[in-house]
Amino acid sequence: MESSLQKAAEISQQHPKPDVKFSYGTAGFRMPAENLDSVMFRMGLLAVLRSKAKGGQVIGIVVTASHNPVQDNGVKLVDPLGEMLQPSWEKHASNLANAEDIVDVLRGVLSEFGIDWGVPAKVFAARDTRPSGGQFVQALKDGVEALGGSFHDYGILATPQLHYMVRCHNTSGQYGEATEEGYYKKLSNAFLDLRSLSGKTGVPEIKLDGANGVGALKIKKFAKYLKGTLSIQVFNDGSSGKLNEKCGADYVKLHQCAPDGMDINPGDRCVTFDGDADRVLYFYCNKDGKFQLMDGDKIATLLVGYLKEKLDKTDVTLERGLGIVQTAYANGNSTAYAEKTLGVPVACAKTGVKHVHHKAEEFDIGVYFEANGHGTALFRNEVATKMNAVVEAEDAGSEKSKAAKQVLSLIDLVNQTVGDAASDMLVVESILHEKGWSLDDWNAAYTDLPNRQRKVTIKDRNVIETTDAERKVTAPEGLQDEIDKLVAGYKSARSFVRPSGTEDVVRVYAEADRREAADSLALAVSQAVYDLAGGVGDRP
């Protein structure tokens, strides 16, 4: 062991650390690519230790910066079932990335977790389309092999595809075949089953904004497996424009407009992926030419409503039930619609995929989507067992049997490891097709309350402390009282503030019954934050 650690330290000299402070967050490390070579090498080392700590199961590494501009890059580790890296290991990732003496940090990790050095380690890696990705995969490989681990490079994949590969391998193929073709086959077969069970015909036409990223490449491959059931026209396919430049899900969400390079007409069914294809949003222009966005809240309520309908038809009882998980950023009307109209419980978790994913695991079926379009559904094994029992007990053509089969197909169509733009798009398309809904019909389910987000720069973000899934402030003293007073002055209003995880900034969210009211409330709360939490620079 000691000789391997010393060898790793020697090889690390080929990947010198710049004078930069690194911090591993939910999305891993993400910054200008020029600073990341040493981090890549060291994450290769850490992945080996994580694999050994998990009994030799495969650990994944994705080289991506998602919706960031093309000059950035990043890296994140994927745990054995395709989930995000265990939060307790995030500090070790940061410590290793910043260490002057990497051997000391590696020894510390080995000791803390009682890792058996004799366990063989395996690592899978993939990258998005950024030009810096190739050299970084090599740096990862250098790190993995420096500690004697085995390394498999999947090349260019969408982020959720790599998550899928990891889970497939670690479940010995039970979840699916750990190849790109296996991914397409599993999802397309489920989609085609749902299409057949719907009894409906027709070929919906989709205009897809591929963000000039990996999703554009992969959806073209994927389309061949869908056997003409969808017509997908891909824009921003990477043939000319820059990755994420005035396109992609983050741009569309932030600017509330169609991306550049995409002509849309009233009624067109439009979809946008982000740069690494783990987020999806729908949008369209109504007959008046007004832009309409179908965000993660809309997708979550569509899916949970469909599942509730199918479960009711099967008469199956689930002990932990069906639920939807939101963050404080979820629109208030989406919460009311889920609870009052659909009759589905809503749980709230702290912002960040790792928090909502964990909360969703508390249900038998937990659906979560952040407003940005990142989300999925999680199904306990008991759900499939009970649905299969219904299929076996009922006549093949009965409503109960059909509903159970639809739930089983949906389980296979959903990528349960992480948000997956392609999978989620096919889920939405399956539901809209069966219901015979246009985007206008879908959008009419409920109307979002107008909302506004702002940010306030303060001296130290650590003075802001929150509770109740970040919906209430406990420090500094007096701030929550002031927010409550301001909110009371508006109709159908709420507001919350939370500190940024990476910079000395406080994020402010406000919603109310009118656009002007939401803007006014957001400004007033921002001023209260500035005054009571040590604002710097110009007062809002």
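A cavity is a set of points, on a 1 Å grid over the protein atoms alone, where a 1.4 Å probe fits but cannot get out, and its lining residues have an atom within 4 Å of a point. A volume is the space filled by probe spheres set on the points, which are joined across faces, edges and corners. This is a predicted model, in which local features need pLDDT of at least 70 and side-chain atom pairs pLDDT 80 or more, while totals for linings use all residues. Residues are numbered from 1 along each chain, and side-chain values use heavy atoms, without hydrogens or water.

Q: What is the volume of the second largest cavity, and which residues line it?
A: The volume is about 40 Å³. Its lining includes G82, E83, M84 and H163.

Q: How many cavities of 30 Å³ or more does a search of the whole structure find?
A: The search finds 2. The largest has a volume of about 70 Å³, and among its 13 lining residues A158, Q161, Y183, K218 and A422 are the closest to its centre.

Q: Why is C270 called buried?
A: Buried means under 20% relative accessible area, exposed over 50%, and partly exposed in between (1.4 Å probe, protein chains only). C270 is at 0%, so it counts as buried.

Q: What makes C257 partly exposed?
A: Its relative accessibility is 24%, so C257 falls in the class in between.

How values were computed: On a 1 Å grid over the protein atoms alone, a cavity is a set of points where a 1.4 Å probe fits but cannot get out, and a pocket is an open set with protein on both sides within 12 Å along at least five of seven lines; lining residues have an atom within 4 Å of a point.
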